[in-house]
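Please keep the sequence and the structure in view while reading.

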Amino acid sequence: MQRFKELLAEYGKFAVVIHLILYACTFAIFFSIINLGMKDWVLEQAEVFLGSEYTAAGTFLLTLAMTKLTQPLRLMILIPLVPFLKQK
């Protein structure tokens, strides 16, 4: 998280925009997967990480939870991506 804060301090609005784009893409992908009939599979995966209280969750809440679970991966992508894109 410290590297993310440093990234924000150095690149400012550009880093925030890229972060929001990655977030929106992740959210849209999970929302599409859930709506395309794979909700049962996603619920099984979510139950392992989040507990059984999410088994009755709606699509939007489940999508938010799955998107939050991918935050470390998104940050690992974001940290090298922002300087690379800014360089272009």
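The model is predicted, so local features need pLDDT of at least 70 and side-chain atom pairs count only at pLDDT 80 or more, while totals for chains, interfaces and linings use all residues. Residues are numbered from 1 along each chain as its sequence is written, and side-chain values use heavy atoms, with hydrogens and water left out.

A pair of aromatic rings is described by the distance of the centres and the angle of the planes. Rings of Phe, Tyr and Trp (its six-membered ring) pair if their centres lie within 6.5 Å; planes under 30 degrees apart count as stacked, over 60 as edge-to-face, and the rest as tilted. The whole structure holds two aromatic pairs. In one of them, the ring centres of Phe 27 and Phe 31 are 6.2 Å apart and the planes meet at 10°, so this pair is stacked. Both residues belong to helix H2 (residues 13-50), where they are four residues apart, about one turn of the helix. Helices are DSSP runs (H or I, at least four residues), numbered from the N terminus.

Is Phe 27 buried or exposed? Its relative accessibility is 18%, so Phe 27 counts as buried. Phe 27 also forms an edge-to-face pair with Phe 60, at 5.6 Å centre to centre and 65° between the planes. This pair links distant parts of the chain, since Phe 27 lies in helix H2 and Phe 60 in helix H3, 33 residues apart.

Phe 60 counts as exposed because its relative accessibility is 52%. Phe 27, Phe 31 and Phe 60 together form one aromatic cluster.

## A charge over a ring

Lys 86 lies over the face of Phe 14, at 5.0 Å from the ring centre. For Lys, this term requires NZ within 6 Å of the ring centre and within 35 degrees of the ring normal.

## Confidence

The protein chain has a mean pLDDT (the predictor's confidence in each residue, from 0 to 100) of 86, and 91% of its residues reach 70 or more.

How values were computed: Helix = DSSP H or I, 4+ residues; strand = E, 2+ residues; numbered from the N terminus. Buried < 20%, exposed > 50% of the residue type's maximum accessible area, 1.4 Å probe, protein only.
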